[in-house]
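Please read it alongside the coordinates.

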Amino acid sequence: MAFETLYVSSTVNDQPITILIDGVSTYNFIQDKVVHSLNLKGQPTTPLSALVSNGHQFLCNSVSKGDLIHIQF
């Protein structure tokens, strides 16, 4: 299996965002500022440390279940 990661630049409500698409990931992550700009409802959860393919590590402290975001190329 080939490992491939795509970076897509876009805007949401005139806010520039970068979308990281990792074909082998089982979870999806979104920055808090994007959650707020889309009016998604995050629920507090036990903090989770996530490591992405570029080596950057960040802390996740909320979860959003049931929200669906469609990305079209």
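1. Along the sequence the chain runs β-β-α-β-β, and its secondary structure amounts to one helix and four strands. Helices (H or I, at least four residues) and strands (E, at least two) are DSSP runs, numbered from the N terminus.

2. This is a predicted model, in which local features need pLDDT of at least 70 and side-chain atom pairs count only at pLDDT 80 or more, while totals for chains, interfaces and linings use all residues. Residues are numbered from 1 along each chain as its sequence is written, and side-chain values use heavy atoms, with hydrogens and water left out.

3. Of the 73 residues in the chain, 16% count as buried. Here buried means under 20% relative accessible area, exposed over 50%, and partly exposed in between (1.4 Å probe, protein chains only).

4. The largest pocket has a volume of about 1900 Å³. Its lining has 44 residues, and those closest to the centre are Asn28, Phe29, Ile30, Gln31 and Phe58. A pocket is an open set of points on a 1 Å grid over the protein atoms alone, where a 1.4 Å probe fits, with protein on both sides within 12 Å along at least five of seven lines; lining residues have an atom within 4 Å of a point. The volume is the space filled by probe spheres set on the points, which are joined across faces, edges and corners.

5. At least two lining residues of the largest pocket come from each of strand S1 (5-12), strand S2 (15-22), helix H1 (32-37), strand S3 (43-51) and strand S4 (57-63). By class the lining has 23 nonpolar, 17 polar and four charged residues. Ala, Val, Leu, Ile, Met, Phe, Trp, Tyr, Cys and Pro count as nonpolar, Asp, Glu, Lys and Arg as charged, and the others, Gly among them, as polar.

6. Phenylalanine 29 sits in the loop between S2 and H1 and is classed as partly exposed because its relative accessibility is 41%. Isoleucine 30 is also placed in the loop between S2 and H1; its relative accessible area is 40%, so isoleucine 30 is partly exposed.

7. Cysteine 60 belongs to strand S4 and counts as buried because its relative accessibility is 12%. Cysteine 60 also lies 8.4 Å from threonine 45, C-alpha to C-alpha, at 15 residues apart in sequence.

8. Threonine 11, in strand S1, counts as exposed because its relative accessibility is 52%. Its C-alpha atom is 9.9 Å from that of valine 34, 23 residues apart along the chain.
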